[in-house]
Amino acid sequence: MQQLITDINFLIILGLVFGLIFGSFATALIYRMPRNIDWVFKRSECTKCHHKLGVIELVPVFYYLFSGGRCRKCKTKFGANYLIVEILTVSFFLFGLIYFGLTLEGVTFCLLSFSILVLSAIDFEHYIIPDEVNFFIAVLGAVYSGYNSYDMIDIIFMPFFCFIFALLLRLIMFAWKKREGLGFGDVKFFFSAGFFLHFETFPLFLMMSGLIGVVIAIIWKLRKKGELFPFGPALGLSLLFCYVFSEIGSITNNIVQKFI
Ligand SMILES: [Zn+2]
């Protein structure tokens, strides 16, 4: 069994298969969640002619290969965004399984990156973070940190600490700029992220969120999409970064402490 789990070919096949399945599921969630369409029982269909999608059409990579990204019935072109989401999901799954192996860390990374992709795509398009995604990340984080036997106080304390920190940040930004700087969905994300973060990794999380946020803000400005830009993708990517490079968190924490 041990041999099987560390076998690189096995991990690649696993990453590809589950990456494609979860990538396909992600595209369904991204379309349905913000539109309040049932995403549990309803079968996927073409948004134009309502032709029910077959198994192959459910996986964006396959229908791009076999039908050029068009509905087989009415030939409507599906956006390339779904293909991008699926390729990203597969990439994250491959990275997670190869880097961490078939371990709790590896599986958690895959599920976390999947959630963050869904969250980012929805936030980019609709400027919201669905409560369901935040809730799933919180549950995933609670299970993960529980199994990793973090300090009990850490597990309970960090989510609330992060939440209150973000809430204060939101109020300060509101008072300063007289408009919403940090959405309430972002504040709730801080709570969920708290399950994965420690005191040592929190400064790194803030720093990376800020950096990625600036990059997104610049892209938003260049694309003339207005002053308001989605901050969820920056928070999500930063959390993934802290998850993989948690040891950098300790280093930055030491540097920060030297200055205080
Ligand atoms: Zn169609």
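Where the two domains meet, 17 residues of domain 1 are in contact with 13 residues of domain 2, contact here being C-beta atoms, placed from the backbone, that lie within 7 Å. On the domain 1 side, helix H2 (8-32) and helix H5 (81-100) each bring at least two residues to the face touching domain 2, and H5 has the largest share with eight residues. Helices are DSSP runs of H or I, at least four residues long, numbered from the N terminus. That face is made up of 14 nonpolar residues, three polar and no charged; Ala, Val, Leu, Ile, Met, Phe, Trp, Tyr, Cys and Pro count as nonpolar, Asp, Glu, Lys and Arg as charged, and the others, Gly among them, as polar.

Keep in mind that this is a predicted model, where local features need pLDDT of at least 70, side-chain atom pairs count only at pLDDT 80 or more, and totals for chains, interfaces and linings use all residues. Residues are numbered from 1 along each chain as its sequence is written.

Now for the helix pair. The axes of H7 (residues 131-147) and H9 (residues 184-194) come within 7 Å and cross at roughly 15°, with axes fitted to C-alpha atoms over the stretch in contact and angles running from 0 to 180 degrees between N-to-C directions. So H7 is roughly parallel to H9, a label for angles under 35 degrees. From H7, Asn 134, Ile 137, Ala 138 and Gly 141 make the contact, and from H9, Lys 188, Phe 189, Phe 191 and Ser 192. Those residues split into four nonpolar, three polar and one charged.

Methods. Parallel < 35°, antiparallel > 145°, perpendicular 65-115°, else oblique.
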